[in-house]
Amino acid sequence: MTGIVDWSIEDLGVAGVVRPVVRAPDPVLAAPGEPVDPNDPEILRLAADLVATMRVSPGCVGLAAPQIGVSAQVFAVDVTGHPKARTVHGTFVLCNARLVEASQWQKGREGCMSVPDLTGDVKRAGRVVVAGALPGKSETQFTTDGFEARALQHEIDHCTGLLFLDRVAGAHAIHTRKVYL
Amino acid sequence: MPDDARVDELAITVIGRDRPGIIADVAEVLAGLGMNLTDSTMTRLRGHFAMTLICTGAADASPSLEDVEAAIAPLTADGSLIATVSRVHPESAPEAPGGHYVLSVHGADRLGIVASVTRGLAEFGGNITDLTTRLSNSLYVLVAELDLPAGTDVDMVHERLSAVARALGVEVTLRPAETDVL
């Protein structure tokens with residue numbers, strides 16, 4: 001098993017292209033993504049595109065394939081430098097990711113590049129064990145917490161066709177980002 | 001009860017273009033009349049400020065409905081605010097022995113989303129206790145908190161709502177409300 005700390009963007013062997021980010025209510029965001037072959041060259045390109053698009057997007061800590069219009073279980077995460085992050089694994093991409101364990105639930109506010117004008121209060125596990133495949137490598141499993149755990153759950157949701165809007169805590173848990181004055 | 005009788009519970013709504021001081025203006029009028037502002041919700045809706053509130057007066061010195069209307073009238077005189085004052089009968093919160101749920105609906109804006117979804121819930125006796133909608137460009141979002149009567153087949157409610165959502169081309173999620181008490 002390849003450890004997530006051993007993986008780097010260089011392992012993809014291909015340069016990513018910045019792709020346009022899809023916004024709700026685009027149906028691709030509501031469709032469960034297909035499982036992928038993590039060694040398929042097309043998936044390596046998709047992974048590189050996700051990282052490239054994430055890196056040029058201000059404040060973006062994660063981006064899932066449906067958000068660039070591809071219904072597939074692939075996402076990129078990087079919470080490096082985020083003030084709410086504790087454990088940080090740097091930049092990584094996961095395919096076919098799933099939660100193995102989830103605990104220490106806590107409410108926090110989330111936004112999403114695909115829902116740019118709203119934020120929501122969502123309860124997420126503060127500690128998770130996640131399994132998935134690193135593109136170009138084999139299966140991996142790792143433990144994380146805090147903001148990286150939240151980002152992973154948000155991206156895994158994208159891969160199953162869910163948005164944070166599907167998990168907000170109540171009628172007063174969605175907020176307008178813009179000020180209409 | 002005749003209109004000029006002393007009242008002990010009033011429902012008041014105020015809505016108008018948002019500006020600093022609307023709440024202070026209304027609350028000062030009510031305080032000046034000895035009216036207690038009990039349950040209320042106040043929020044900004046697309047640049048309009050909306051207040052809905054229940055007020056109670058002291059049992060021995062409640063102002064009349066007309067007194068309250070007259071005191072609020074100066075706030076609405078320039079047309080920037082609309083206010084209504086109505087007498088309501090004191091109600092205790094109804095028992096809700098069933099399950100508490102949160103419903104999320106989102107999708108492309110179109111006519112009738114709220115009507116169709118809430119009708120689907122009403123068919124099962126679902127009682128919505130709080131509901132917010134937001135239109136963000138072409139994205140329409142509805143989040144509701146609701147009670148379902150004890151013994152409700154929640155899977156059937158979910159099937160019904162899914163059918164409604166399919167017909168509307170929107171996404172729907174129904175899940176138990178978190179009721180952690182810390």
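Student: Which residue in S4(A) is the bridge partner of Arg98(A)?

Tutor: Happy to start there, keeping in mind that this is a predicted model. Strand S3 of chain A spans residues 92-112, and S3(A) pairs in the antiparallel sense with strand S4 (residues 115-133) over 13 bridges. A hairpin through 2 residues joins S3(A) to S4(A). Within S4(A), the partner of Arg98(A) is Ala131(A).

Student: Is Glu155(A) buried or exposed?

Tutor: Good one to check, as the UniProt annotation "active site", from an unreviewed entry, covers Glu155(A). Glu155(A) is found in helix H2 of chain A, residues 146-159. Its contacts, leaving aside neighbours within four places in sequence, are Gly62(A), Ala64(A), Phe75(A) and Val77(A). Because 20 or more C-beta neighbours within 10 Å make a residue buried and Glu155(A) has 25 inside 10 Å, Glu155(A) counts as buried.

Student: How many residues on the side of chain B that touches chain A are charged?

Tutor: The contact takes 23 residues from chain B and 20 residues from chain A. On the chain B side, the elements giving two or more residues are strands S5 (99-108), S6 (127-136), S7 (139-148) and S8 (170-176) of chain B. The residues on that side include 8 nonpolar and 8 polar ones, and the number of charged residues is 7.

Definitions and conventions:
Residues are numbered from 1 along each chain as its sequence is written. Chains are lettered from A and ligands numbered from 1 in the order in which they are written. This is a predicted model: local features need pLDDT of at least 70, side-chain atom pairs count only at pLDDT 80 or more; totals for chains, interfaces and linings use all residues. Two strands pair if DSSP finds at least two bridges between them. Helices (H or I, at least four residues) and strands (E, at least two) are DSSP runs, numbered from the N terminus. Two residues are in contact if their C-beta atoms, placed from the backbone, lie within 7 Å. Ala, Val, Leu, Ile, Met, Phe, Trp, Tyr, Cys and Pro count as nonpolar, Asp, Glu, Lys and Arg as charged, and the others, Gly among them, as polar. UniProt positions are given in the numbering used here, feature names are shortened, and annotations may be inferred rather than shown by experiment. A residue is buried if 20 or more other C-beta atoms lie within 10 Å of its own, exposed if 12 or fewer, and partly exposed in between; C-beta atoms are placed from the backbone.
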